[in-house]
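Take a look at the model below. This short report covers a surface patch and then a chain interface.

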Amino acid sequence: MFRDITIGQFYPVTSIINKLDPRVKLCGVVVYIAAVFIINNIFGLLFIIAALAVLIYLSKVPLKHIMKGLRFVWFLVIIAIFFNLFFSDGDIIWRWWIFHMSRQGILRAAFFAVRLVCVIVGSSMLTYTTTPTNLTAGLEKVMQPLNKIHFPGHEIAMMMSIALRFIPILSEEINKIIKAQLARGADFDSGGIIVKAKGMIPIMIPLFISAFRRASDLATAMESRCYSGGEGRTKMYPLRYHKRDTVGYIVLLLFLLASIGLRILMQQFVTIGRI
Amino acid sequence: MEIIKSEKISYSYPVFEDPDSQENKELLEKKKEAAKALDGVSLEVRPGQFICILGRNGSGKSTFAKHLNALITPTEGTLWIDGMDTKDEEKLWDIRRTVGMVFQNPDNQIIGSIVDEEVAFGLENIGASTRDIRKGVYKALEEVNMREYAKVSPNKLSGGQKQRVAVAGVLAMNPKCIVLDESTAMLDPRGRKEVMDTVKKLNKDDGITIISITHYMEEALEADYIFVMDNGQVRMQGTPREIFSREEEIEELGLKLPQLCQLAKALRNKGMDIPMGITTEEELKDAITKRQISENDSEITAGEK
């Protein structure tokens, strides 16, 4: 049950997006999210959808794979649409009991849904196209300037990469514990939600004990291999900018300017579809 | 010069003392006694030796192993690694580069999420240049025969392969000595053989001192020298031949004889003339066939008479 978490999983293809420096992609996510909230009219909306489509095309990640990652998000989107659609004030065009639909509400619901999906797809593109190692290396580098204010950038990156390495090991361990407890006559399937939650205790406690033991072992192993924090540490594959990364930054800048431009310029021409 | 020289080292695990309770003084003394993991261990290891340290659970062998890498330092006595005192904090990193450790659980000692990054971890920590790291990593992977797995996730490897990657991680640091702290205990027989073959090769070809801490007697048969520990002390030491001729003592210390020696002992108990301290199959075969030949001889001579 823990194996089908697709958010944060790398899709192995070679594409131009894949080869980009993780710092460019991290910056890209921030810029994209900013752009999604900057745009405020229908043209802007089309613009960010088009940009996302181009990105997906370039990344060679199949659309089906992306949709699979959205499974858990649809529920959220539907709730958001529902409330925006039926409870917004404005020019009322339909009314029944406590529900009412307004022109503004329809627009707002549509905007909201598209924005939400765009943000989620846009940011999961980062993890689809970047290996976890690359991603943590990028994060570490991005957070480096914060070292001056004693922000533990290296430690956070190290924790992330260790966590990523131990997810499959611990999930295997959970399966083992479940089987072991079932063999002892544990029952995980019957009873109400509280009984079921209580039933998780015999899984969680052994899991925690084992995780602590593993952590202690790992710390010893790291110490015995001369680990002493991020200071003075070098990398086998240090991050280096290439020409394509410069191009990437330029494209991002243009994209940001274009979405700001769309908001300002279209303000005068478009009155329909603005919120 | 000895690569490892320990002089009467003792180590006690810290005991929690409750300052308020006084009635339990006796209990506390007992606890302190129980926390004493090493009790005056003196031994010497010469470079290039293949050493085995045997002992039952709780005999202090793993505690001793942790001393070799300065993960813990003795509470009494002194331990020198390649002439460096392990209590000398300035030498800490040199000591850890000189002696590499491979631990028991293969999953709990792999840090990297790709094999080559895992092997690079130690070199990255000591701040080697990118070029040196890559050279060291690929050379080490070559030596443990894992070159083709450089880009694979460690999760996809078998236990024996994971331990070989761990050996490569240590090897990349160019150590003079590798300590295997029950590194084969969690492996299947095939994985165990892979790992042992690898370290034997390193010992033979590169002259790296190997200290294998184990309770697999079969591994001990092939060592140059054996230390047997019990109760925090070195109780026996010698070549495998010397150690395994003292059959009774071995069993007293809670250890089983290797299958080969068990067989030899059983045959001897049945009245066959088999010498003490047999360590290879060849020797046992010779001993048995020799006896048969002499029996045949005596039959022949008897017939002639």
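## A nonpolar patch on chain A

In this predicted model, helix 5 (71-87) and strand 1 (92-96) of chain A each supply at least two residues of a nonpolar patch. Helix 5 of chain A gives the largest share, five residues.

## Where the chains meet

Now turn to the interface. Chain B brings 40 residues to the contact, and chain A brings 26 residues. Between chain B and chain A, about 2900 Å² of area is buried. Carbon and sulfur atoms give 53% of that area.

## Bridges and polar contacts

How many salt bridges cross the interface of chain B and chain A? There are three. A:Arg233 and B:Glu124 form a salt bridge, with their closest N and O atoms 2.8 Å apart. Polar contact across the interface of chain B and chain A involves 19 residue pairs, counting those with both residues at pLDDT 80 or more.

## The chain B side

Which helices of chain B supply at least two residues each to the side that touches chain A? They are helix 3 (92-98), helix 4 (115-125) and helix 5 (130-143) of chain B. Helix 4 of chain B gives the most to this side, with ten residues.

Sorted by class, the side of chain B that touches chain A holds 18 nonpolar residues, twelve polar ones and ten charged ones.

Conventions
Residues are numbered from 1 along each chain as its sequence is written. Chains are lettered from A and ligands numbered from 1 in the order in which they are written. This is a predicted model: local features need pLDDT of at least 70, side-chain atom pairs count only at pLDDT 80 or more; totals for chains, interfaces and linings use all residues. Side-chain values use heavy atoms; hydrogens and water are left out. Contact means heavy atoms within 4.5 Å. Buried area is the accessible area (1.4 Å probe) that two parts lose on being put together, summed over both. A salt bridge is a side-chain nitrogen of Lys or Arg within 4 Å of a carboxyl oxygen of Asp or Glu. A polar contact is a pair of N or O atoms within 3.5 Å; within protein, one must be able to donate a hydrogen and the other to accept it, and residues adjacent in sequence count only if both atoms are side-chain atoms. Helices (H or I, at least four residues) and strands (E, at least two) are DSSP runs, numbered from the N terminus. Ala, Val, Leu, Ile, Met, Phe, Trp, Tyr, Cys and Pro count as nonpolar, Asp, Glu, Lys and Arg as charged, and the others, Gly among them, as polar.
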